[in-house]
Amino acid sequence: MSETDVIDKLESGMTIGIGGWGSRRKPMSLVRAILRSDLTDLTLVSYGGADIGMLCAAGKVSRVVFGFVTLDSVALEPNFRRARESGAVAVSEYDEGMLQWGLYAAGIKLPYLPTRAGLGSSVMDVNPRLQTVGDPYGSGEEFVAMPAIPLDAALVHVNRADRHGNGQVLGPDPYFDDVFALAAEKTYLSCERVVPTDELTKESPSSTLILRRLQVDGVVEAPNGAHFTSCQPDYDCDEPFLRRYAAASKTAEGWEDFRQTYLAGTEEDYQRAVARFREEGAA
Amino acid sequence: MSDATRAEVCAVACADAFRDNGEILASAFGTIPAIGVRLARATFAPDLVLTDGEAHMVQGSWAVGARPPGPVESWSPFRSIFDLVWNGKRHIMMIPTQIDRFGNVNISAIGDHARPKVQLVGVRGAPGNTVYHPTSYWVPRQSSRVFTDKVDVICGVGTDSARRAGAGATRFHELRRVVTDLAVFDFDPDSGRMRVRSVHPGVAPEDVQDASAFELLVADELTETRTPTSEELALIREQLDPHNLRAAEVDA
């Protein structure tokens, strides 16, 4: 598949989960493809970074389901800030663990899972739909009944995959990509390189194969596809480019300028523009 | 007379928050708390478990801002950290944007949550951390803006909020310490209110109250925060923070 083929499978109004974590291993080439598309009114579920910020700034988003949105080295995501402070997007803000629990509940076909996380916090007030549930075994304790967060689609980016959708994470952390996949009706996976199945375990243990074709519906080969987020060990976060994005995005005009420079064309155009940025930095 | 800086006194106060914690994961946000937990482990709390901030638990005493040389002692992706949080063998020190007299903490948004005046990072793991395992806070610059009468969004659950939410919230809820650039606080077990335990050398008790929008309780035996030992000072200056990053957090 190509990024464009994935976009053809998505529809406006969908709930879409995005894998990775902050500025780490985000499926950015798929995010960039959504930016170029006419998709709109999306509900995004994410351990958020620039994926959330860019899609909010481009007017693609009606609701963000999140626990945080951060660029890591830059604590606050400027585009998300502006979207929130202008009231452009609605939010469902949960504790990070509640978010995992909601995705996991959806993945294992339960309407909710109990947790202490959220009790006593404003999470209960800003999500008026949240209910508590008593311990049926008589401890007398009440827990949050974290509702399932079923996804229409999940987008994840990994290091390697075979063409069948078996995905491999070679970096230190799988994050919650497999939970996103489990929670989703359809999962589209991008990867640095598509390889024959027998190559996946030639040099790496099978414990790196965290996404199974059972949960994956399409594979896109996207070299440097997580840029500017990290995709270890293939590459680190591009901090100079991250800072360029963060500085530009402080204002709507700056973001528009950034979008025109980097995001208006194809993925190939983007990668060429990034290469130019790198050469200018080196010069 | 110690020649320790305020930042160094704060680092030791942060370390002391982890004294007698046993074998738990010590998670520290901010430069001075990071120095503190490494100092604690290098001296009086050798069983503490520390992560590299990514996906590994690592041994050793490395400098803040540097990558740990290892050795790696275990794998700890975010998934396993969430499990550890809910299992409870963890003590975290977080940085509040706002904190009130009962230790309710905001890191999510200033103003109305529906349309904030300032969007912050988000509730993150604070709701879960505070009801599942011990929590402390680090305030690099205490002021009445941070020590506020009422927080806009309760992310870290305070003593009053936990009590209101019932046994599910109070069972493992434990606010330990608040360390600021001026003083060290704990929470009065009866009222649940923040209480000054010790004031840093060179700080007057009234300075601490002046930098708070709410009335602070004061411990019966109010003391002066202890100064670092010469061994601790050497560790901080030569090993844990040779580039003096601590001065960027507390400039005194």
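**View 1. Two bridges join strand β2(B) to strand β3 (residues 56-58) of chain B, and these strands run antiparallel.** Strands here are DSSP runs of E with at least two residues, helices are runs of H or I with at least four, and both are numbered from the N terminus. Two strands pair if DSSP finds at least two bridges between them. Thr51(B) has Met57(B) of β3(B) as its bridge partner. The open sheet holds 3 strands in the order β2-β3-β4 (chain B), with antiparallel pairing. Its edge strands are β2 (50-51) and β4 (72-75) of chain B, each pairing on one side only.

The model is predicted: local features need pLDDT of at least 70, side-chain atom pairs count only at pLDDT 80 or more, and totals for chains, interfaces and linings use all residues. Residues are numbered from 1 along each chain as its sequence is written, while chains are lettered from A and ligands numbered from 1 in the order in which they are written.

**View 2. In chain A, 3 strands form an open sheet in the order β5-β7-β6, with antiparallel pairing.** β5 (112-115) and β6 (131-134) of chain A are at the edges with a single partner strand each, so one side of each has no neighbour in the sheet. Direction ignored, neighbouring strands of this sheet are turned by 40° against each other on average. β5(A) and β7(A) pair over 4 bridges in the antiparallel sense. Tyr112(A) has Pro147(A) of β7(A) as its bridge partner.

**View 3. Helix α5 (residues 96-107) of chain A lies across β5 and β7 of chain A.** α5(A) runs at about 150° to β5(A); angles run from 0 to 180 degrees between N-to-C directions, and axes are lines fitted to C-alpha atoms, for helices over the stretch in contact. Of the 12 residues of α5(A), 11 are buried, so this helix is largely enclosed by the rest of the structure. A residue is buried if 20 or more other C-beta atoms, placed from the backbone, lie within 10 Å of its own. Among the buried residues are Trp101(A) and Leu103(A). Lys109(A), which follows α5(A), has a positive phi, near 60°.

**View 4. Helix α2 (residues 28-36) and helix α3 (residues 50-57) of chain A pack at an angle of about 5°, with their axes 10 Å apart.** α2(A) and α3(A) are therefore roughly parallel to each other, a term for angles under 35 degrees. Met28(A), Val31(A), Ile34(A) and Leu35(A) of α2(A) make the contact with Asp51(A), Met54(A) and Leu55(A) of α3(A). Residues are in contact if their C-beta atoms, placed from the backbone, lie within 7 Å.

Terms used
Parallel < 35°, antiparallel > 145°, perpendicular 65-115°, else oblique. Contact = placed C-beta atoms within 7 Å. Expected span 1.5 Å × (residues − 1).
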